[in-house]
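Here is my note on the model you sent.

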Amino acid sequence: QVHLVESGGGLVQAGGSLRLSCAASRTIFSINVMGWYRQAPGKERELVATIINGNTNYTDSVNGRFTISRDNAKNTVYLQMNSLKPEDTAVYYCTAIYRGYAYWGQGTQVTVSS
């Protein structure tokens with residue numbers, strides 16, 4: 001099993017930055033697929049960014065503004081979010097796929113004011 005805990009959310013003005021962290025309960029060295037999703041009120045959960053075998057991918061709306069990275073020594077995945085917009089407001093969830101199972105964190109709220 002993998003227990004994931006997100007942190008770093010909060011309230012920020014448009015144009016500001018936040019860095020989300022996702023700490024795993026076990027080494028992530030052998031977890032090849034990790035990512036971030038978000039869910040805004042009244043909307044479906046959407047994929048934001050993934051890091052798969054070291055390769056990163058982003059949804060179009062955040063490409064160039066967000067950066068996903070991982071630190072295997074700290075068992076942590078990060079999402080650096082710059083130039084935040086009000087439409088980025090959502091609960092952000094960390095996910096990991098390990099031995100065929102998808103694990104999720106509890107989510108962290110990001111609110112961007114205009």
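**Notes on the fold**

1. Ile 51 is buried, with a relative accessible area of 6%. Buried here means under 20% relative accessible area, exposed means over 50%, and partly exposed lies in between (1.4 Å probe, protein chains only). Ile 51 sits in strand β5. Leaving aside neighbours within four places in sequence, Ile 51 touches Asn 32, Val 33, Met 34, Thr 56, Ile 68, Ser 69 and Arg 70; contact means heavy atoms within 4.5 Å. Asn 32 is 19 residues from Ile 51 along the chain, and their C-alpha atoms are 7.8 Å apart.

2. A word on the basis of these values. This is a predicted model, in which local features need pLDDT of at least 70 and side-chain atom pairs count only at pLDDT 80 or more, while totals for chains, interfaces and linings use all residues. Residues are numbered from 1 along each chain as its sequence is written, and side-chain values use heavy atoms, with hydrogens and water left out.

3. The chain has eleven strands and zero helices. Both are DSSP runs numbered from the N terminus: helices are H or I with at least four residues, strands are E with at least two. From the N terminus on, the elements run β-β-β-β-β-β-β-β-β-β-β.

4. Four strands form an open sheet in the order β1-β3-β8-β7, with antiparallel pairing. β1 (4-7) and β7 (66-71) are the edges; each has a single partner strand, so one side of each is left without a neighbour in the sheet. The twist averages 15° from one strand to the next. Axes are lines fitted to C-alpha atoms (for helices, over the stretch in contact), and angles run from 0 to 180 degrees between N-to-C directions. Two strands count as paired if DSSP finds at least two bridges between them.

5. At one end of that order, β7 and β8 (residues 76-81) pair in the antiparallel sense over six bridges. Phe 66 stands opposite Met 81 in β8.

6. Now back to β5. Six bridges join β4 (residues 33-39) to β5, and the two run antiparallel. The bridge partner of Met 34 in β5 is Ile 51. Met 34 is also among the contacts of Ile 51. The hairpin of β4 and β5 has six residues between the strands, and Gly 42 there takes a positive phi near 75°.

7. β5 also pairs with β6, in the antiparallel sense over four bridges. Thr 50 stands opposite Asn 57 in β6. These two strands form a hairpin with two residues between them. Asn 53 lies in the loop between β5 (46-52) and β6 (55-58). With 54% relative accessibility, Asn 53 counts as exposed.

8. β9 and β10 are joined by four bridges and run antiparallel. Ala 96 stands opposite Tyr 103 in β10. The hairpin has two residues between its strands, and Arg 99 is in the turn. Arg 99 has a positive phi of about 50° although it is not a glycine. Buried or exposed, where does Arg 99 fall? At 69% relative accessibility, Arg 99 counts as exposed.

9. The structure holds one disulfide, defined as a pair of cysteine sulfur atoms within 2.5 Å. Cys 22 and Cys 94 form it, with sulfur atoms 2.1 Å apart. Cys 22 lies in β3 (residues 18-24) and Cys 94 in β9 (residues 90-98), so the pair ties together parts that are 72 residues apart in sequence. The torsion about the S-S bond is about -80°, so the disulfide is left-handed. Cys 22 is buried, and so is Cys 94.

10. Last, the chain as a whole. Its radius of gyration is 13 Å, which agrees with the value near 13 Å for a compact globule of 114 residues. This radius is taken over C-alpha atoms, and the globule rule is 2.2 Å times the number of residues to the power 0.38. The C-alpha trace spans about 40 × 25 × 20 Å along its principal axes. Of the 114 residues, 41% count as buried. Among contacts between residues at least 6 apart in sequence, 55% join residues at least 24 apart.
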